[in-house]
Amino acid sequence: MTSTTLEPGAGVRGSGEPPEGGPGTPPAGRADTPPAGGSGGPLDICVFCGAGRSNSRAIVDTARTTGRLIGERGHHLVYGGGGSGLMGEVAWAASESGAAIRGIIPRFLYERERAIAAPVQETQLTDTLHRRKEHMLRGSDAFIALPGGYGTLDEILEVISATYLGRSAKPLVLVNTEGFWDGFVSLVETLRRYELVAHAGQPVFHCVPSPEAAVSLVERLAVPAA
Ligand SMILES: C/C(=C\CNc1ncnc2c1ncn2[C@@H]1O[C@H](COP(=O)(O)O)[C@@H](O)[C@H]1O)CO
């Protein structure tokens with residue numbers, strides 16, 4: 001299996017109005033699930049992916065497998081809080097395999113998406129998209145990015161910038177189903193070639209071929225919050 005590493009220079013949804021605030025107590029994992037993670041504990045794994053469904057069967061399967069693995073390995077899912085598209089696939093599969101879920105969603109999207117079924121989760125409302133990203137970054141141990149659109153690109157660039165500038169050391173792993181991220185990897189190589197991003201230091205992201213490889217890598221690299 002190959003992987004690419006690029007280096008730089010409480011509420012239950014629908015049960016009431018969840019408050020804006022810090023991530024609070026991490027959601028509890030399944031009581032019967034042994035601790036997971038490189039350091040022995042469950043991880044809060046934030047998944048970025050499309051709110052749309054994609055026309056690729058392989059990409060939909062990737063979303064489901066990622067959610068399932070997070071639950072089966074005793075981790076917690078942190079995500080954008082919606083029930084639509086690939087996000088919904090990840091969340092339902094994680095829920096079915098026993099993961100505790102925290103959805104972080106801006107108020108305006110929460111209002112718009114109330115009608116789209118999402119699994120039981122702790123929902124954290126934010127005032128803005130920007131605040132949502134802050135909470136996702138602060139309240140997660142690691143990030144996995146699946147195929148997605150502008151929102152997903154925005155989220156991964158937030159993590160990459162924070163890592164590049166030394167503000168975060170949390171791993172980000174892109175799942176490269178059907179070569180989805182090849183163009184992004186190539187763009188980053190162009191930035192390097194023009195010496196607009198540096199090479200040395202901590203990897204800003206990793207790129208792997210499958211959800212299995214992604215979850216295994218974050219288990220090896222992430223340090224669960226104390
Ligand atoms: C466009 C539609 C619904 C949008 N609803 C969203 N609900 C929750 N989170 C969202 C939504 N849209 C974007 N996000 C966040 O960005 C990522 C997905 O965006 P993309 O542009 O589809 O890649 C995702 O990780 C969320 O955190 C109606 O279908």
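Q: What should I know about the numbering and the model?
A: Residues count from 1 along each chain as its sequence is written. The model is predicted: local features need pLDDT of at least 70, side-chain atom pairs count only at pLDDT 80 or more, and totals for chains, interfaces and linings use all residues.

Q: Which residues of helix 1 are buried?
A: Ile59, Thr62, Ala63, Thr65, Thr66, Gly67, Arg68, Leu69, Ile70 and Gly71. Buried means 20 or more other C-beta atoms within 10 Å of the residue's own, with C-beta atoms placed from the backbone. Helices are DSSP runs of H or I, at least four residues, and strands are runs of E, at least two, numbered from the N terminus.

Q: And what covers them?
A: The cover includes strand 2 (44-48), strand 3 (76-79), helix 2 (85-96) and helix 7 (211-221).

Q: How do helix 1 and helix 7 pack?
A: At about 35°, axes 9 Å apart. Axes are lines fitted to C-alpha atoms over the stretch in contact, and angles run from 0 to 180 degrees between N-to-C directions.

Q: Which residues make that contact?
A: Thr62, Thr65, Thr66, Leu69 and Ile70 of helix 1, with Pro211, Glu212 and Val215 of helix 7. Contact means C-beta atoms, placed from the backbone, within 7 Å.

Q: Switching to the ligand: how many residues surround it?
A: 20, and the closest are Gly80, Gly82, Gly148, Gly149 and Gly151.

Q: Which helix gives the most?
A: Helix 5, with 4 residues.

Notes
Buried ≥ 20, exposed ≤ 12 C-beta atoms within 10 Å, placed from the backbone. Contact = placed C-beta atoms within 7 Å. Near = placed C-beta within 6 Å.
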